[in-house]
Amino acid sequence: MAEDFHYKLLRIGMHSQLETLNGFQEARSRIPNPRLKEAALVISQYCNSRQVHYVIDELMSAGIPFVLLTAAENPWPYNKYAAVTLRISCSESRYKMGSFASRTAMLFLLDCLYGEIFSRQYERNKDNLAAFSKRKTERDYYYTFLPEKPAEDLT
């Protein structure tokens, strides 16, 4: 879900950084870029891991505001520090086969958030998306190794 959201932001030309492996956020430079207005999106199903605590502590010490997306009924104290808490209702227990409902709900919320971001600079984002799509269609040079027609003698 986070990778999908990250990819959508990149496609419209927004600066986005996603750390998918625990600990990799520590490699991020602590020197702030004054040209960027930073904000973070913290996605955590239950908000109860040491890693979530560590990430939020790092964000707060760097003065970076964050949005918390969670299914936790009581994400205290994190919701107290978040600029916004987006909480989904989740009837799934920890002992489940899959997180179908919560994953769908979180994806829906992220799509709504992306829609809002997109609409803020609609024309610019529409142009960026069109330029991205054009670049993708012009990249046929990646596939020059494969012949257009199957060779008769390879069968």
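Trainee: How many helices and strands does the protein have, and in what order do the elements run?

Mentor: This is a predicted model, and the protein in it has five helices and three strands. From the N terminus on, the elements run α-β-α-β-α-β-α-α. Of the 155 residues, 23% count as buried, and among contacts between residues at least 6 apart in sequence, 57% join residues at least 24 apart.

Trainee: Why is the pair Asp 4 and Lys 8 called a salt bridge?

Mentor: The cut-off is a side-chain nitrogen of Lys or Arg within 4 Å of a carboxyl oxygen of Asp or Glu. For the side chains of Asp 4 and Lys 8 the N to O distance is 3.2 Å, so the pair meets the rule. Both residues lie in helix 1 (residues 2-11), four residues apart, about one turn of the helix. As a general point, an α-helix has 3.6 residues a turn, so residues three or four places apart point the same way.

Trainee: What makes Lys 8 buried but Asp 4 partly exposed?

Mentor: Buried means under 20% relative accessible area, and partly exposed covers the range from there up to the exposed class, which is over 50%. Lys 8, at 17% relative accessibility, therefore counts as buried, whereas Asp 4, at 33%, counts as partly exposed.

Trainee: How many salt bridges does the rule give, and which others can you name?

Mentor: The count comes to four salt bridges. One of them joins the side chains of Arg 120 and Glu 116, at 2.8 Å from N to O; these two are four residues apart in helix 4 (residues 100-120), and so are separated by about one helical turn. Arg 120 counts as exposed because its relative accessibility is 64%, while Glu 116 has 39% and counts as partly exposed. Another joins Glu 123 and Lys 126, whose closest N and O atoms are 3.4 Å apart. Glu 123 and Lys 126 are three residues apart in helix 5 (residues 122-137), again about one helical turn, and both are partly exposed, Glu 123 at 47% and Lys 126 at 36%. Salt bridges that share partners also join Asp 4, Lys 8 and Asp 111 into one network.

Trainee: What makes the length of helix 4 agree with expectation?

Mentor: At 1.5 Å a residue, the 21 residues of helix 4 should span 30 Å, and the end C-alpha atoms are 31 Å apart, which agrees.

Trainee: How do you know that the buried residues of helix 4 line one face?

Mentor: The buried residues in helix 4 are Ser 102, Met 106, Leu 110, Tyr 114 and Phe 118. Seen down the axis of helix 4, they fall within an arc of 145 degrees, so they line one face of the helix. On the other side, Thr 104 and Phe 108 are exposed. What covers the buried residues of helix 4 includes helix 1, strand 1, strand 2 and helix 5.

Trainee: Why are the buried residues of helix 2 placed on the same side?

Mentor: In helix 2, Val 52, Ile 56 and Leu 59 are buried. They cover an arc of only 60 degrees around the axis, which puts them on the same side of helix 2. Their cover includes strand 1, strand 2 and helix 3 (78-81). As for length, the twelve residues of helix 2 should span 16 Å, and its end C-alpha atoms are 16 Å apart, which agrees. Helix 2 is followed by Gly 63, whose phi is positive, near 70 degrees.

Definitions and conventions:
Residues are numbered from 1 along each chain as its sequence is written. This is a predicted model: local features need pLDDT of at least 70, side-chain atom pairs count only at pLDDT 80 or more; totals for chains, interfaces and linings use all residues. Side-chain values use heavy atoms; hydrogens and water are left out. Buried means under 20% relative accessible area, exposed over 50%, partly exposed in between (1.4 Å probe, protein chains only). The expected span of a helix is 1.5 Å times one less than its number of residues. The arc is that of the directions from the helix axis to the C-beta atoms. Contact means heavy atoms within 4.5 Å.
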